[in-house]
Amino acid sequence: MHQKIYGQVVVIGAGPAGYSAAFRCADLGLDTILIERHDKLGGVCLNVGCIPSKTLLHIAKVIKEAQELDKTGVSFNSPVINIEKIRNWKESIINKLTDGLSSMRKKRKIKIIQGNAIFDTDKSILVKNKEDVFTVFFENAIIATGSQPIKIPSIPHNDKRIWDSTDALRLKNVPNRFLIIGAGIIGLEMATIYSALGSKVDVIDRFKHFLPSVDQDISNIYKKSINNRFNLILNTHIDKVNITENSLMVKMIENNINKENISYDAILLAIGRIPNVNQLGLDKIGLKINSFGFIETNKQLKTNIPHIYAVGDVTGPPMLAHKGIHEGHIAAEVISGKNHYFEPKVIPSVAYTEPEIAWVGLNEKEAKSKNIDYEVAIFPWCASGRAIASNSIMGMTKLIFNKNNNQIIGGSIVGTNAGELIGEVTLAIEMGCDAEDIALTIHSHPTLHESIGLSAEVFQGTVTDLLNFKSKK
């Protein structure tokens with residue numbers, strides 16, 4: 001049956017960017033329609049990304065902490081891994097959150113249409129599912145269709161042992177030997193999970209440095225901390241994968257030298273993501289895509305067609321849920337008539353590994369490229385009472401200040417709960433704080449976030465928890 005539907009705003013995609021845009025539109029009194037090709041709201045992030053990965057990372061963290069307690073005189077038996085129970089627990093968390101979204105959508109009276117969307121004109125969208133066809137007429141549209149994993153053409157994709165991140169988070173099994181291609185956030189998080197569950201994990205990356213936005217001193221602490229859990233092999237790429245019934249035989253090239261073939265039980269491809277824009281019919285309506293395949297938008301998230309907006313991963317990096325959520329809010333507010341803009345000073349990033357790595361603002365390389373006269377202030381966690389007491393000394397808080405005005409311009413943290421701690425640094429940069437603002441803010445003791453205030457004291461020359469090399473200045 002072909003139905004015709006009319007709405008003030010139609011949102012394509014119900015991930016964090018899409019549902020946030022739709023919910024904000026409804027809260028602003030706009031008649032809103034939400035189109036989603038999957039059965040549940042939440043997109044990749046909630047169903048097969050951020051939430052299930054953090055669920056499994058929590059398990060990995062507890063396993064690691066339990067093992068480390070042996071040094072303190074508290075011992076546990078080796079963990080018994082029940083994959084089915086873990087999988088069910090993960091699914092129960094996902095269902096709880098998706099049910100919550102569905103309830104909020106209903107209470108906001110947002111109409112949802114399940115199916116694949118394609119623009120028919122710049123004022124209408126055709127939506128098809130197994131049973132029905134809809135033509136949705138709209139005044140404004142918001143594209144929030146997200147992204148998908150990049151595939152490597154030279155590696156076969158028709159074998160069940162070749163995984164993407166969605167496969168890995170399904171927790172189908174725990175491979176004995178596991179190869180992860182790509183040392184980005186996804187690759188490192190999956191290595192954290194599967195090594196804790198019992199896999200012997202190798203992570204390879206074709207570049208000399210992993211997480212290029214992170215300074216080398218931060219990376220070095222992380223690499224030192226994971227030495228006993230999984231292998232991180234850089235400057236290495238796959239030459240060939242031979243598939244047999246019993247194994248995946250992989251030939252690698254490291255530092256331009258052929259390595260011996262290694263047999264793996266599963267391979268995860270985690271080399272990045274590309275935007276979901278090809279099936280939307282954007283060329284038909286003349287909507288502009290840039291040379292990297294992302295939709296071009298201005299600071300109000302408008303495309304070159306003023307009544308069509310784009311938010312989330314389709315607008316380009318950083319491809320992060322929290323960026324998409326804020327973009328969704330701005331697009332909805334602009335449509336409602338508010339003169340709002342998406343112009344954050346900084347957007348924080350977090351690798352939820354163990355230890356976590358979090359960073360925001362400029363790193364040293366970027367500060368140098370901008371010819372900023374900067375100074376680094378570091379507080380090592382081996383001098384933190386809370387870190388020592390909680391067996392978390394493998395960490396560091398690093399702040400970067402502009403020496404001309406003492407303002408904070410960047411920060412990185414490696415250590416337990418770094419993702420929680422980076423919020424203060426983000427706020428400080430947004431507020432234009434200088435070192436004195438942070439140093440004179442009383443931080444509770446003993447805490448890990450105290451290291452942020454102490455780093456500022458290092459810059460100020462007022463620190464007493466370390467030897468003070470500026471004390472006479």
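The contact between them involves P16, A17, S20, A21, R24 and C25 on the α1 side, and A321, G324, I325, G328, H329, A332 and E333 on the α9 side; contact means heavy atoms within 4.5 Å. Sorted by class, this contact holds seven nonpolar, four polar and two charged residues. Here Ala, Val, Leu, Ile, Met, Phe, Trp, Tyr, Cys and Pro count as nonpolar, Asp, Glu, Lys and Arg as charged, and the others, Gly among them, as polar.

The model is a predicted one, in which local features need pLDDT of at least 70 and side-chain atom pairs count only at pLDDT 80 or more, while totals for chains, interfaces and linings use all residues. Residues are numbered from 1 along each chain as its sequence is written, and side-chain values use heavy atoms, with hydrogens and water left out.

Two packed helices are described by the angle between their axes and the distance between the axes. For α1 (residues 16–27) and α9 (residues 321–335), the axes come within 7 Å and cross at roughly 30°. Such axes are lines fitted to C-alpha atoms, for helices over the stretch in contact, with angles from 0 to 180 degrees between N-to-C directions. The pair α1 and α9 is therefore roughly parallel (under 35 degrees; over 145 is roughly antiparallel, 65 to 115 roughly perpendicular, and the rest oblique).

A second pair is formed by α3 (residues 50–68) and α6 (residues 185–197), whose axes come within 9 Å and cross at roughly 50°. This makes α3 oblique to α6, and their crossing is left-handed. From α3, the residues in contact are S53, K54, L56, L57, A60 and I63; from α6, they are E189, M190, T192, I193, A196 and L197. By class, eight of these residues are nonpolar, two polar and two charged.

Attention now turns to the annotated sites. An unreviewed UniProt entry gives a "binding site" that includes K54, S147, D313 and M319; positions follow the numbering used here, feature names are shortened, and annotations may be inferred rather than shown by experiment. S147 sits in strand β7 (residues 147–149) and, at 6% relative accessibility, is buried (under 20% relative accessible area; exposed is over 50%, partly exposed in between, with a 1.4 Å probe and protein chains only). Beyond neighbours within four places in sequence, S147 contacts V44, R273, I274, P275, N276, D313 and M319. M319 lies in the loop between β18 (308–310) and α9 and is partly exposed at 26%.

Finally, E354 occupies the loop between β19 (349–351) and β20 (356–361) and is buried, with a relative accessible area of 8%. E354 and H58 are 296 residues apart in sequence, with their C-alpha atoms 9.6 Å apart in space. Apart from neighbours within four places in sequence, E354 touches K61, K64, T192, I226, R229 and T416.

Terms used. Helices (H or I, at least four residues) and strands (E, at least two) are DSSP runs, numbered from the N terminus. A crossing is left-handed if the near helix is turned anticlockwise from the far one by less than a right angle, and right-handed if clockwise.
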